[in-house]
Amino acid sequence: MQKRKWFHGLATAALLTSVVLSGCSSSEGSAPSNTGGSEGGDAKKELGAIAFYSPETPDMTKQIGQAFEKLNPGSSVNVQYAGTNVLVNRMIAEKDNPMADIWYGGGGFLPFESAKDKGIITSYTPEAIKDWPEVVDGIKVRDKDWKWIGAEVFVLGFVYNTELVKPEDLPKTWDDLLDPKWKGKIQMPNPAASGTATLLVLSQLMEKGDEEGWKYFEKLVDQMSAIPDSGSAPTKAVAKGEALIGIGFDFMAYENKAKGEKVDFIVPEKTPIIVNPVSLVEGGPNPEGGKALIDYLLSKEGQQTLADWYHIPISKDVESKTPLTLEKVIPHAQELDVDWVVQNYDRVRNEWRQKFQ
């Protein structure tokens, strides 16, 4: 049963204390971002155009691309933004003629694990972290065949409007969202498009079982004012006062709060706390460029960009702007079952469409 547990609070602590990412900690003076990948080579080699598929914050991914281009003259990073499941479907449709070089982010590792047998991602072992173990204290922090590598840690929870919600009224659990006082005042992303929302559905079905889990979502959907495709849209709606509560990841709230929006974040009593990965796309047009961009994302410079956007970086040597600490969120972490996810990921998404679209 040990192998079925993917991630929990103790794993998070182990991840950033027991595992020292040599690529992150040694990137000052040895970052592999301009080497063209793990095989070394001419540091001045022009890497060309790199297609970067990501559902993460567009301005952040654009910044990552621009920083990489600055370090690698002659390269150009073309960021393609869409919801996780939209991007996965696009990569499947492009399988005979892949257009992407790397895929970063997806509301955690679940979409990546599901994608492994679809032939759209391939193995890559960055030289700087080649000694990084697959499992720490029984928990996977990368794919066993290096088809995905954790770049950061996400916390799923509640974004709320600080001007419109009193502190004493804040929900503390996922079941609290069913309170009649929230009817028409909540937004969540669409699980058919968003990896953020797919994670929510999978985690609740694991927790409650299929029958009770779907009953929960029938009630939860009835509470919603809107179910947009974008994972970040509910947070933006909360910032505008169009919703009081939005379901999203921690960094979404803190990014908006830093811009002066009246929002904050609640970590539910039990919730997914999960590694968010990056992968090399199978048969992409520029694999060496893709490898170099992955190297950069895992380097200290790349990790610092994630940290500056309020993400919890995988590197213990980089301090994030987020007010959350791993020590604070560890007690809230829900265990997730690898075998169940792989077997049910597509089924759950299809059932969502049948029931709610």
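Me: What makes Trp-214, Tyr-216, Phe-217, Trp-352 and Phe-356 a cluster?

Reply: Ring pairs link these five-name set members, Trp-214, Tyr-216, Phe-217, Trp-352 and Phe-356, to one another. Rings of Phe, Tyr and Trp (its six-membered ring) pair if their centres lie within 6.5 Å. The model is predicted: local features need pLDDT of at least 70, side-chain atom pairs count only at pLDDT 80 or more, and totals for chains, interfaces and linings use all residues. Residues are numbered from 1 along each chain as its sequence is written, and side-chain values use heavy atoms, with hydrogens and water left out.Me: Why is the pair of Phe-52 and Tyr-104 called tilted?

Reply: The structure holds 14 aromatic pairs. In the pair of Phe-52 and Tyr-104, the rings are 6.2 Å apart centre to centre, with 35° between the planes. Planes under 30 degrees apart count as stacked, over 60 as edge-to-face and the rest as tilted, so 35° makes this pair tilted. The pair links distant parts of the chain, as Phe-52 is in strand β1 (residues 48–54) and Tyr-104 in strand β3 (residues 102–104), 52 residues apart. Helices (H or I, at least four residues) and strands (E, at least two) are DSSP runs, numbered from the N terminus.

Me: How do you know that Phe-52 and Tyr-104 are buried?

Reply: Buried means under 20% relative accessible area, exposed over 50%, partly exposed in between (1.4 Å probe, protein chains only). Phe-52 has 1% relative accessibility and therefore counts as buried. Tyr-104, at 0%, is therefore buried as well.

Me: What makes the pair of Phe-217 and Trp-352 edge-to-face?

Reply: The ring centres of Phe-217 and Trp-352 are 5.8 Å apart and the planes stand at 80°, so the pair is edge-to-face. Phe-217 belongs to helix α7 (residues 210–223) and Trp-352 to helix α13 (residues 338–356), 135 residues apart. Phe-217 is buried at 0% relative accessibility, and Trp-352 is buried at 2%.

Me: How do you know that the charged end of Lys-208 sits over the ring of Tyr-216?

Reply: A charge sits over a ring if NZ of Lys or CZ of Arg is within 6 Å of the ring centre and within 35 degrees of the ring normal. The charged end of Lys-208 is 4.9 Å from the centre of the Tyr-216 ring and sits over that ring. The charged end of Arg-90 sits over the ring of Tyr-53, 5.4 Å from its centre.

Me: Why is Glu-113 called buried?

Reply: Glu-113 has 8% relative accessibility, so this residue counts as buried. Glu-113 lies in helix α5 (residues 110–115).

Me: What makes the approach of Glu-113 and Lys-116 a polar contact?

Reply: The side chains of Glu-113 and Lys-116 are joined at 2.9 Å. A polar contact is a pair of N or O atoms within 3.5 Å; within protein, one must be able to donate a hydrogen and the other to accept it, and residues adjacent in sequence count only if both atoms are side-chain atoms.

Me: How do you know that Ser-75 is buried?

Reply: Ser-75 has a relative accessible area of 10%, so Ser-75 is buried. Ser-75 lies in strand β2 (residues 75–81). A polar atom of the Ser-75 side chain lies 2.6 Å from the backbone oxygen of Asn-72. Not counting residues up to four places away in sequence, Ser-75 touches Leu-47, Gly-48, Phe-68 and Glu-69, where contact means heavy atoms within 4.5 Å.

Key. Residues are numbered from 1 along each chain as its sequence is written. Side-chain values use heavy atoms; hydrogens and water are left out.
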